[in-house]
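Hello,

Here is the structure I promised to pass on.

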Amino acid sequence: MAGKNLVGPEADALDLGAVFRALADEHRRSVVTQLAADRSDNERGCNSFDLPISKQTQTHHFRVLREAGLIDEIDYGNRKGIRLRRADIEKRFPGLLTLLGAEPPGDTAPRY
């Protein structure tokens, strides 16, 4: 069954401030890090992420990531698929995904 792609900004319109705001939240950063770790860029279901938050909050986080241009969401009606926009991110912000991958899992403590 084909889904409807929920569209974020074009690759050339990705805004660094919007990307940083999206990644400032530990749950959203975790989603992007998990997606980036899968080099095959397979589509994942929203429920496949181990997020200790409500379904409504997950929906909000995925919308923020989509609007920042970090993910594509594919709406299948009764479920949504998530895919990292790796090529667009690497084109616009080279090295960002590598930097995110270097962060130890669960490491959200501020550093001074």
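A polar contact here is a pair of N or O atoms within 3.5 Å; within protein, one must be able to donate a hydrogen and the other to accept it, and residues adjacent in sequence count only if both atoms are side-chain atoms. With that in hand, the side chain of Gln 58 reaches the backbone oxygen of Ile 53 at 3.4 Å.

Please keep in mind that this is a predicted model, where local features need pLDDT of at least 70, side-chain atom pairs count only at pLDDT 80 or more, and totals for chains, interfaces and linings use all residues. Residues are numbered from 1 along each chain as its sequence is written, and side-chain values use heavy atoms, with hydrogens and water left out.

Back to Gln 58: this residue sits in helix α3 (helices are DSSP runs of H or I, at least four residues, numbered from the N terminus). Gln 58 is buried, at 10% relative accessible area (buried means under 20%, exposed over 50%, partly exposed in between, with a 1.4 Å probe and protein chains only). Leaving aside residues up to four places away in sequence, Gln 58 touches Cys 46, Asn 47, Leu 51 and Ile 53 (contact means heavy atoms within 4.5 Å).

Lys 91, in helix α4 (residues 86-92), counts as exposed, with a relative accessibility of 57%. Its side chain makes a polar contact of 3.4 Å with the side chain of Asp 12.

Finally, Ala 18, Val 19 and Ala 22 in α1 meet Val 64, Leu 65 and Ala 68 in α3.

Best wishes

How values were computed: Helix = DSSP H or I, 4+ residues; strand = E, 2+ residues; numbered from the N terminus.
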